[in-house]
Structure formats: structure tokens, C-alpha cells
Amino acid sequence: MGMKLIYLGCLSSTKYTDTCENAIQIINKIDDEYKVLEEAPCCGALAYHITPDTTLEEHVNLVNDWFKKNNVEKIVTICAGCYNYLTYYYPKYKADEFEVVVEHLLQFMAKPENIDKLDLKYDGKKLRVCYHDACHLRNADIPIIDEPREILNSINKVEVFEMENNKLNSICCGAGGGVYATFKENSDYNTKSIFDQMRRGKALITACPFCYTAFKRVAEEENMKKPIIKFEDFIIKIMNGVDPLK
Amino acid sequence: MSEEGAKLYDEVKEKVETLKDEKSIHRKFADIWRLACIGKYRSFDLRYLYDDTSREYVEKYKPAMIEAKEKFLENIEDYVDQCLNVMEKTNKFKVYYAKTNEEAQEAFMKELGDNKVIYKSKSLEAKDAGIIDALKENNIEIKETDLGDVLCQLLEYESPSFTLGPGIQFTEEEIVAKIKERYGVELEPKAEKIVKYYRENYRPELLNDVKVSLTSANAISAHDGSIVLIENEGNISVLTRATDKHIVVAGISKIVPDEFDALMVAKLQERITNVDAGYISIISSPSSTSDIQGTRVFGMYGAKEVVVILVDDWRTEAAKENLFYKDMLKCISCKSCDFVCTASRAFGNIYASKYGIGGINIVRDYIHNGIEEAVKDGLFLCTGCENCTNWCPAGVDLAEMIKNLKKIATEKGLCPPTLKKYQEKIIEDKNPFK
């Protein structure tokens, strides 16, 4: 039996350590054999669109060797970018040699037996939330679109309020492609459009740390009252029976 | 990053800065463009009086559209031959096959002869082939006929605009002020009054004075050589009929296997843009009559001559060599990629090339003018969200093409420094955020 790895991704593990803790707690409640390994290398997703194929392949080899060295058999990642990249570029470069089974946290959680294990209950007033479809999840080789909705709607009294641009047609937060580092004006405009579409939704939930970063900045600048919440954080609050909006 | 790269980067930054100024050209365009995108997106789910929404309609015909385009690409040379043959022999068109843009420009100037004025519809393909630039160099008076383009000419607007509503950013007040200044006519600042003015003053000229007209083609049937053109104003109807010589300039990529595929292109465009294509012209020969003793005489009421200049330039090579921008050959210019583009919504006509707004025109600029131009056009404003690819009714993977351009730019040292730093940190430190 190989190892079951929780792959946190470079952004979350560096900047959002609380969320990482929450994610680990959720994953371990379902299956306590999943572990985090120190010094996990970045998957490379952030620069794939500017990196020549040969360099990409070298990096994929390096990360894959690291997986092999640690006897990794299964991965649950909490990052949208890692999921997209690990499920597309790694099989592309390594073909049959890439044997790791990669899942995103949302897929992992949405399995009926796993949702049951989490036993998500909410006793407050009826709560409508918006879910933002991150590009990396909806465009992935195996798209993740229904899973987050299934999870959220499975929670008693919680309901997904669909925004006008949703699923395959969601508006990009403006942080993709490293544009956020260079031209923040993209997320200035597009994030506001997303906020405008929330209407009756009381919170904006995202499963992508890059989207979260973009949303959070603009929300603070715009003094937005409705909270932006990472998927893992929302679920943990529900599990702990505390107000998920605070 | 090279010095050239830093310069291009600063140029884009400077343009983006102007978005903060409400009166700047870019901001004025972005304001109306953003509304247009939202409106277009909403209209995909409207039913009007049809049974289906535009979204459903497009989804229904998408597989057939992709199949037609792929069939063409696989047998590009055969289809071009077939098309040229039938156009010349059956349709009695005068046909040029221009291997390069230069050949197309030469053919066009030859056909123009001594004429010093050309009346044109949008004709993006002529722009692509460098014919518009060639006309300007030769001091030919270019008369636009689409009202939006007429207004752009009137207001001397040179920035990239939206093909389907090129003058949409001008207010009624701006337009009537300019009309007064130019023609000494005072008009009430109302759309109806401005349209009435052009109908009364420009329409007679179009009906009586056009000797040579230029249009592009929305699609061309390889099977019977028919040229399909769609429009809502009636300017193309006039230009293709009330003229002596109608010149069609189109890339060979406008060819589809048969006339029903061509009509499908037209109908898809209509539903995607949600502008009623009031008129669809299917032109299969110059105007002619055989009413006198069965003798066929050309030039009854419509065009005496139809000249078709089919431009290859980069196209066959792209298809045969499987170049990364091969998908450009599938594009039907419906603009759906623009409506849903994150960069386009945020940056309007800063994310654009001289061929028009949006990523597809940045790829076009790269093909003709190289990577530096593409970077200057705002290549790195794209977030790679892939909405363009998801929406394309013809299977164009625009996101992949843009990604390739970014790689080419980075290799040439033209990638923005912040982004380049991420890449270096990933490769060296295995974590870009540490």
C-alpha cells in the first residue's frame, strides 16, 4: 500500500495555514491515513503558460520523482491550480508512468459515503450562499462543477444561490495566469462583477486560494459586507456548530 | 527581461492607467463595452419568439459547425481548388488566388484601376490582407458604409473598436456636434434623427454613385462557390447590387464544404450576436439576364462583375504544418469569445490589436507582425480562464493559442517581470511564495 498524501499547494501552505489545518481536519475525519509531507515541491501550475515545454517536463519529472520517493499512491489536493495541473500535465508528460490517483478535496468530500461521515448539520436560519466556480476547477480534464453544489446543498438549511455567470460560464476573478501579480485592474473590475451577481447570496464561497486572494483584497477595498469564505473554512465552521458567516 | 520587454510592459501599463480617467478613450470604450458584454450574455438565454434560446441553438449546431470546419482543414487544398474552379467556371466570377497578402493587394489595386474611391462594408478580411493600408498608401478615398464605421470615420476614431458596433462609444451629442462642424447641418441629438440624416443624405449616393465596392464574406461554399454575407443595415445589399464591380476579399479560411454549412455560419452568427441579420445575401453569380433571345448578358440591375480575391498568406501553411495558430482557420468571427473574455471585460480596447478587440485579434497581429506587437496589444492581460474556448461554436481553442504566444514572448524576454519571478522561484525554490 502506498502513501495517501494531502497536497496543500504552495499558496495555501505559505499564506493560508489556518485553512490548511481545517482541510486536514476534514480529510482526516473521512480517512485518517491521509498525511501532509513537509517540503512538498510546487506543482508548477502558476507558470505553466510561460514556461517552455522542456522546462515544464523537467519540473514534472522532479515532482513526480518526489512522489515516487515518498511512495505516494493517492493525493487529495486543496488547491484548484494543483488539481488542474496534476490531472492534465502530469499524465501528459509522464503518460502511464504517472500512477498517482489525484482528487480535489471537493471530489473527495462529495462522495456519498464521505459526505455521510462528515455529518454536516446547520441549525441556524435558512442560509443562501454563492459558490464561485474557479477556472481551474471548471476547466479541468475532469471538471469539478456539481460536487461543491452537492456538498453545500446537502447541508440542512443551506442552499446554493446561483449567480448569473456560473459553472462553465463563471467570470474569472482576474487572478489567473499570474495576471494578478502584474495587472490587478483585471480583478478590480471582474471581482466587482461577481459581487454584483451575488444578490440574495449571503456569502461567497470559493475553493481556490487564488480566487480567494483576489476577492478578499477587492472586498476590503470596497467595504463589502458579505464575507468571502474558503470552502474548507465554511465546512469546518458547520462541523463545529459555529456561525459560518463569522 | 530585455530592454524591449520593459518598454512594451510600460506601454501597456500606461494604457491601463488611463482607465482611471473617465474621459479617456479607453475608459469611454470600456464603460459601454462592459454593458454590452453583460447584455449579450443575458441575451443568450432569451427566447424571443423562437422555440429555443440562443444558447440552445448554438449548442445544437456546434457539433455540425466543428465538423464542417475540421473537414475543410483536413482537405484544405482540395476544397480551395474546388472552390476556385466552380467560382470561375460556373459562377462567372473573376477569381484571384493570392498566395500572399502582397499578391492580394496587387490584385486589388489592379481591379480598382483608375477609380479613386472605394465604398466598403466592414471587410475585416481586407484589413487582415493589408488591403486597407495599401489603399491609404495609394491615396484612395475609403468610404465606409456601416453606420458605426461611418461615425468612426466622422469622429476620426482610430483606436480598436468592437466590430459589431464600432461607433457605439459615441454619444448623440458628440455625433451631432461633429455633423454640424463638418456639414453645417444642425440635428437634434437623437439616434433616429442621425439615422434619418444618413438615410436621406448618404443613401442616394450609395444607390447611384458606387462604381467599385468591397465586401468580405462570412462564409464561402466550396461546393457551389456561393458567397454568404450577413448584415442588418442593408449596406451590403446595396454595395453588392448597386455597383459596377463588387470585389470580395476573403481568406481561404472562410470556405466551408457546402452552401448549407455556409448558411449555418450565418445563422449561428445571428443567434450569437443577437442582432437580427435582417438580410442574408447568397451570391452565386454577377447580375445577368437571358431575356433577349436567350443571350446571357451580365450587369442587368445588380453588379456587372464580381471579383473574388481569395487570400492564403499564412493559412495553408498553418493547416499543413499544424502550426499552433491553426485554429484561427476555424474562426467564424462571431465574437462570442470577446463577450465572455475576462480581460476584454476589464480592459476593453486595451486588450486589442489594430485588427480589432480581443484575443483572437492579438493572435492575428502576431501572425502578421510578430510577438512584440502581440505583447503591446496586451497579451499578458489574459488570465487564461478559457471562457473563450468554452464558448466557441466552431471549436477554436483560443486559450491554447494565447498560452503559446505567452511562451514565445517569455522566451524572447518579453514576459512581465513579476510573472517571470514566479517562474524562476518555482524552478529554483520549488515554491513561488516563499
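How many residue pairs are in polar contact between chain B and chain A? In this predicted model, the count comes to 20 residue pairs, both partners being at pLDDT 80 or more. On the chain B side, helix 1 (3-17), helix 2, helix 16 (342-347), helix 19 (387-391), helix 20 (398-411) and helix 21 (417-429) each put in at least two residues. Helix 21 of chain B gives the most to this side, with 7 residues. Sorted by class, the side of chain B that touches chain A splits into 21 nonpolar, 8 polar and 14 charged residues.

As for the extent of that interface, 43 residues of chain B are in contact with 45 residues of chain A. The two chains bury about 3,800 Å² between them, and carbon and sulfur atoms carry 60% of it. In chain B, the residues that lose the most area to chain A are B:Lys407, B:Lys430 and B:Phe433, and together they make up 17% of what that side buries. Salt bridges between chain B and chain A number 2. B:Arg42 and A:Glu164 meet through their side chains in a salt bridge, at 2.8 Å from N to O.

Next comes chain B taken by itself. Chain B is divided into domain 1, which takes in 3-43 + 335-429, and domain 2, which covers 74-317. Taken over C-alpha atoms, the centres of these two domains of chain B are 28 Å apart. Their contact draws 21 residues from domain 1 of chain B and 22 residues from domain 2 of chain B. About 1,900 Å² is buried between domain 1 and domain 2 of chain B, with 62% of that coming from carbon and sulfur atoms. On the domain 1 side of chain B, B:Lys335, B:Tyr355 and B:His368 lose the most area to domain 2, together 23% of what that side buries.

What about charges and polar groups across this domain boundary? The interface of domain 1 and domain 2 of chain B has 3 salt bridges. The side chains of B:Asp128 and B:Arg364 also come together in a salt bridge, with 2.7 Å from N to O. For the side of domain 1 of chain B that touches domain 2, at least two residues each come from helix 2 (25-43), helix 15 (336-339), strand 13 (352-353), strand 14 (356-357) and helix 17 (359-369). Helix 2 of chain B gives the most to that side, with 7 residues. By class, this side of domain 1 of chain B has 10 nonpolar, 6 polar and 5 charged residues.

Chain A also comes in two pieces: domain 1 (3-110) and domain 2 (112-240). Their C-alpha centres lie 21 Å apart. Here, 28 residues of domain 1 of chain A are in contact with 34 residues of domain 2 of chain A. The pair of domains in chain A buries about 2,800 Å² between them, 68% of it on carbon and sulfur atoms. In domain 1 of chain A, A:Leu106, A:Met109 and A:Ala110 lose the most area to domain 2, and together they account for 22% of what that side buries.

Between domain 1 and domain 2 of chain A, the salt bridge count is 0. Polar contacts between these domains of chain A do turn up, though, at 10 residue pairs with both members at pLDDT 80 or more. Helix 1 (10-15), helix 2 (17-30), helix 4 (80-94) and helix 5 (105-110) of chain A each provide at least two residues of the domain 1 side that touches domain 2. The largest share of that side, 7 residues, is from helix 2 of chain A. By class, the domain 1 side in chain A has 17 nonpolar, 10 polar and 1 charged residues.

Finally, the aromatic rings: over all chains, the count is 34 aromatic pairs. One of them joins A:Tyr131 and A:Phe231 in an edge-to-face arrangement, at 6.2 Å centre to centre and with 85 degrees between the planes. This pair links distant parts of the chain, with A:Tyr131 in strand 5 (residues 127-132) and A:Phe231 in helix 12 (residues 231-240) of chain A, 100 residues apart.

Terms used
Residues are numbered from 1 along each chain as its sequence is written. Chains are lettered from A and ligands numbered from 1 in the order in which they are written. This is a predicted model: local features need pLDDT of at least 70, side-chain atom pairs count only at pLDDT 80 or more; totals for chains, interfaces and linings use all residues. Side-chain values use heavy atoms; hydrogens and water are left out. Domain bounds come from an automatic or database domain assignment. Contact means heavy atoms within 4.5 Å. Buried area is the accessible area (1.4 Å probe) that two parts lose on being put together, summed over both. A salt bridge is a side-chain nitrogen of Lys or Arg within 4 Å of a carboxyl oxygen of Asp or Glu. Helices (H or I, at least four residues) and strands (E, at least two) are DSSP runs, numbered from the N terminus. Ala, Val, Leu, Ile, Met, Phe, Trp, Tyr, Cys and Pro count as nonpolar, Asp, Glu, Lys and Arg as charged, and the others, Gly among them, as polar. A polar contact is a pair of N or O atoms within 3.5 Å; within protein, one must be able to donate a hydrogen and the other to accept it, and residues adjacent in sequence count only if both atoms are side-chain atoms. Rings of Phe, Tyr and Trp (its six-membered ring) pair if their centres lie within 6.5 Å; planes under 30 degrees apart count as stacked, over 60 as edge-to-face and the rest as tilted.
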